[in-house]
Amino acid sequence: MAEIALALVDEMIAHARAEFPNEACGVIHAADGAAATVHRVTNAAASPYRYEMAPLEQLKLEQQRDESRETLFAIYHSHVASEAKPSP
């Protein structure tokens with residue numbers, strides 16, 4: 001089972017609180033198979049019910065990940081106006 005360090009979880013929670021009342025979204029990069037860094041991405045939808053990652057920010061993170069040889073660990077988003085369960 002994949003694990004995420006508490007410090008990274010705290011970063012995601014801080015992000016969700018900062019974006020309230022809208023959903024927060026971002027990506028987690030991995031190094032050597034382990035979650036390593038949290039990257040906030042603007043929710044272009046600016047909505048409490050859905051998220052849409054800003055495309056240019058996403059592209060820049062893809063390029064950064066290629067250069068650093070990290071991998072994509074996860075995409076995350078908060079649920080501020082709906083039940084806290086995994087999205088489809």
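1. Reading along the sequence, you will find the pattern α-β-β-α-β in the protein chain. That amounts to two helices and three strands. Please keep in mind that this is a predicted model.

2. On overall dimensions, the radius of gyration of the protein chain is 13 Å, close to the 12 Å from the globule rule for 88 residues, so the chain is as compact as a globular protein of that length. Along the principal axes, its C-alpha atoms fill a box of roughly 35 × 30 × 25 Å.

3. Now to the sheet. The three strands make an open sheet, ordered β2-β1-β3, with antiparallel pairing. Because β2 (34-41) and β3 (71-77) stand at the edges with a single partner strand each, one side of each has no neighbour in the sheet. On average, neighbouring strands are turned by 25° against each other, direction ignored.

4. A closer look at one pairing: β1 (residues 25-31) and β2 run antiparallel and are joined by seven bridges. Within this pair, Ala30 stands opposite Ala35 in β2.

5. Next, the helices. Helix α1 (residues 6-19) lies across β1, β2 and β3, and runs at about 10° to β2. Helix α2 (residues 55-68) also packs on the sheet, where it touches β1, β2 and β3; its direction makes about 150° with that of β2.

6. Some totals that may be handy for you: of the contacts between residues at least 6 apart in sequence, 61% join residues at least 24 apart. Of the 88 residues, 30% count as buried. The protein chain exposes about 6,000 Å², with 55% of that supplied by carbon and sulfur atoms.

Conventions:
Residues are numbered from 1 along each chain as its sequence is written. This is a predicted model: local features need pLDDT of at least 70, side-chain atom pairs count only at pLDDT 80 or more; totals for chains, interfaces and linings use all residues. Side-chain values use heavy atoms; hydrogens and water are left out. Two strands pair if DSSP finds at least two bridges between them. Helices (H or I, at least four residues) and strands (E, at least two) are DSSP runs, numbered from the N terminus. Axes are lines fitted to C-alpha atoms, for helices over the stretch in contact, and angles run from 0 to 180 degrees between N-to-C directions. Contact means heavy atoms within 4.5 Å. The radius of gyration is taken over C-alpha atoms; the globule rule is 2.2 Å times the number of residues to the power 0.38. Buried means under 20% relative accessible area, exposed over 50%, partly exposed in between (1.4 Å probe, protein chains only). Accessible areas come from the Shrake-Rupley method with a 1.4 Å probe; for residues, only the protein chains shown count as cover.
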